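Here's a quick tour of some side-chain contacts. Have a look at the model first, then we'll go through the topics one by one.

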Amino acid sequence: MILEKAYEHKEIEKKWMEFWLNSTIFQVGQVVQGKRFSIVIPPPNITGGLHIGHGLQYTLHDVYTRWKRMKGCTSLWVPGMDHAGIATQYIMEKELAKENVTREQLGRDKFIERVWQWAGAAMDRIKFQLMKLGSSCDWSHQHFTLNDDLTRAVLEAFVRLYQERLIYRAEYIINWCPRCLTALSDLETIHKEYSGKLFYIRYPLKSGQGYVEVATTRPETIPGDTAVGVNPNDERYKVAIGDYVILPVLKREIPIIADEAVDPAFGTGAVKITPGHDPDDFEIGKRHKLASITIMTDSAKMNEQSGPYEGQDRFVCRKNILSDLANEGLLAKEEDYAYSIGHCFRCDTIVEPRVSKQWFVRMKPLAEPAIKAVEDGRVELVPSNWNKVYYDWLNNIRDWCISRQIWWGHQIPAYYCQDCSELTVSVTRPLKCQQCNSTSLIQDEDVLDTWFSSALWPFTVFGWPEKTVDLKQYYPTNLLITGYDILFFWVARMIMMGLKFMNDVPFKQVLFTGLIRDEKGNKMSRTKGNVVDPLEVIDNMGADALRFTLISQTADAMDVSFSRNKVQGNRAFMNKLWNVSRFVLMNIPDEFMVKPLRAEDLSLFDRWILTRTNEIIQEVDHNLTYYELSKAGNLLYHFIWNEFCDWYVEFSKPYLNAPDEKRKETTLNVLAVVLGKILKVLHPFTPFITEELWSIVKKLFKEDKTLALTAMPEYVETEVFAESKEEITAIQDVISRVRQIRAEMNIAPQKEVSCYVKIAEDKYGELFTYALPQILFLAKLKEFFLAAEFPADKMLVKDSAPCAHIGVDLLESVDRDKETARIEKEISKLEKTLNDVTAKLIDKNIIEKAPREVIESFQNRKDETQLRLNRLRAHLHDLQK
């Protein structure tokens, strides 16, 4: 059997990508019997291509989908994309700007038509990227959050919540983006630390007898002040409570009020109260029935309520008000002050808190069942340290502003009568007003927050509100895999909505992943230029290498530093797998078929590799069950590369080249069996290369199924020989010690030497005699002697293992004087290195200032240098004797 010499990942990945796409092997039937596994994709935004973070998450989705499929489950991975309201509209407006056109000039209908054209191409691009990654989705179940079926479901959910008074419309303080011209939820407002100023401003008392000095970071909102607030327990201001001050600049009278929310330790203990532009002040204003004045336009320019500052940008106004206050002697002082400022999650514009009429979801009644679902274990968060974060947020949750002043999205199904102002909320457009029978109805222009439809995703993709077969079979889903950064945006809301509409949780377990950072640990961003395109990595090094790298690094939702060198290392791993498969197939005759294994036919080496194969199968199954993916990946890597390729295949070569045909046939049988199991266990991690190799290897098993549909190997008790591990370890110890001596003593690879061994126990004599062909072959020995004592007439360099003392004769291999000089020179270098690194480890400046990983690298270098130094000193001693 012949396999191509070189592993060409581009050709192989293209071949299997097209096969999976054009076949129906990942499609589930209408009615399914037996075990089921379902998982829904966190739908990527159509705003751009997949990034490396998507690469991690979707790789994990595919690992579990393929693994469960091979474990006998009907596995459904539902793909789809999100319309991403604000983000998509923002991009489309930028595209229109290149044509010198605005969305207002196009009009709503034509603008939406343009976005749909763009969205179609974006969805095709994302599907292609998912296929390039090897995703085994059921594309017959693909969904888009704005498709007709999901739109119908979203509107149905809105109406039901409204009818139960869980959705309401009210004036409230919200986060407003002056660039996107829309409300933002608290979660869509990103707070950043800012080094600014705290301004102390004098508000003259109405009596003319002095003033109250307030501290503020936002003097531009002074025109919106409707009170000065103090704490009722602050002795400094008790006599002033109930008095009035004159608002600077506008000269309006405003009261001095007392409220527990005022922090006496902030500034002077007196603060300006601006209910129309500050969330805390809005609440104080409600308690004290203060007026709420909006002083800015939608684009954050000062309006007519701002007096002489009308028409000015808010930050220009700040500068001018401060100048006017200084001229009037009302600016007492300013000082440096660090505080947090909210920014739009999409365009990074500083948001403006403002009072606006918006639609809200009442969250407390929805949050309480969601808390209980995690507490009683119906939903398990992995890792569990996210439970506390989840509880804290839900216990302090605020109502969710769900209306957005944009066009791209689900238009709110609320209709206003132009004759009597009656509000009608309906899934379909009403023909007439239910109050006055007027047909003059106008739909609310706002659309729903994108996260509203996303919160319904786990059941709307299965056909809700209809009672479909899919909904019955696949809801609740088994697993959700997503980044910890959207725990509140998405995960918690899905749990709330699932419990509300389905009376059941949407998934049983949530596996959180960390963020992918660059090699230096920095967060990736386009502005930094450190974003990694997964398609570029796939083109250069292959999807399997990328997938295996991401899997091997993910653990406990920890952030991961992405390294191209690690991908290159796993590209080498793919080559190793290809080459060992090629070796096995080259040695197998065309007519060969795998036969049942018989214990009496197996060599020690066969028994060992079968034992280790079964242990690996069991351990990887355990790792995947408990979401220890990095452990599973690293186990497979070391087993395949080190134990199978570097040891067992090498152990087998003397048998393959010997005249004993029965031994040769048994060895080939074991090689084929183990290789077949390796391909199956590795398949969920690296589907392309394993599927390609299996397409040839399966002929040895008279198998015709594609690898993705075969059964995952199970632990086979009769193929486990526990005693073989200790025996092989002893053989490996001897070979490894000889190899190390050869390397340290600079013996040429092709030069065969003699070896003398003093065994620790008699059983090792019989063992080494049995394994003599393997020892001679792997250690490059011409002679191997079991000796009671080392001969005095040989130039032996010695080492020890638990099973034996080993001496390698260098008499015919090296020049004693030259080798002595070489080792003495190397020892001198190592001693200098050891002194240098030791000095760093006792230097207080380095220890106190250097990062932990730097200190660890110094310590590791010291330990490694000391070990090498000790060995060379021992070898020098042997030579000098």
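Let's start with a term: a residue is buried under 20% relative accessible area, exposed over 50%, and partly exposed in between (1.4 Å probe, protein chains only). Lys-725, with a relative accessible area of 31%, is therefore partly exposed. Bear in mind that this is a predicted model, where local features need pLDDT of at least 70, side-chain atom pairs count only at pLDDT 80 or more, and totals for chains, interfaces and linings use all residues. Residues are numbered from 1 along each chain as its sequence is written, and side-chain values use heavy atoms, with hydrogens and water left out.

**Salt bridges**

- The structure has 58 salt bridges, each being a side-chain nitrogen of Lys or Arg within 4 Å of a carboxyl oxygen of Asp or Glu.
- Lys-725 pairs up with Glu-615, with the closest N and O atoms 2.7 Å apart.
- That pair links distant parts of the chain, 110 residues apart: Glu-615 is in helix H18 (residues 604-625) and Lys-725 in helix H22 (residues 723-744).
- Helices here are DSSP runs (H or I, at least four residues), numbered from the N terminus.
- Glu-615 counts as buried, at 15% relative accessibility.
- Asp-392 and Lys-388 form another salt bridge, at 2.9 Å between the closest N and O atoms.
- Those two are 4 residues apart in helix H10 (residues 386-395), so about one helical turn separates them.
- Lys-388 is exposed at 56%, while Asp-392 is partly exposed at 35%.

**A salt-bridge network**

- Arg-868 meets Glu-826 in a salt bridge (2.3 Å, N to O).
- Arg-868 sits in helix H27 (residues 852-880) and Glu-826 in helix H25 (residues 816-841), so their contact ties together parts 42 residues apart in sequence.
- Shared partners join Asp-733, Arg-737, Glu-744, Asp-799, Arg-822, Glu-826, Arg-868 and Arg-871 into one network.

**Aromatic rings**

- The whole structure has 45 aromatic pairs: rings of Phe, Tyr and Trp (its six-membered ring) with centres within 6.5 Å, called stacked if the planes are under 30 degrees apart, edge-to-face if over 60 and tilted for the rest.
- Tyr-637 and Trp-641 are stacked because their ring centres are 5.6 Å apart and their planes at 25°.
- One aromatic cluster is made up of Phe-605, Trp-608, Trp-647, Phe-651, Tyr-655 and Tyr-770.

**Charges over rings**

- Arg-663 lies over the face of Tyr-655, 5.4 Å from the ring centre; the rule is NZ of Lys or CZ of Arg within 6 Å of the ring centre and within 35 degrees of the ring normal.
- The charged end of Arg-739 sits over the Trp-647 ring, 5.2 Å from its centre.
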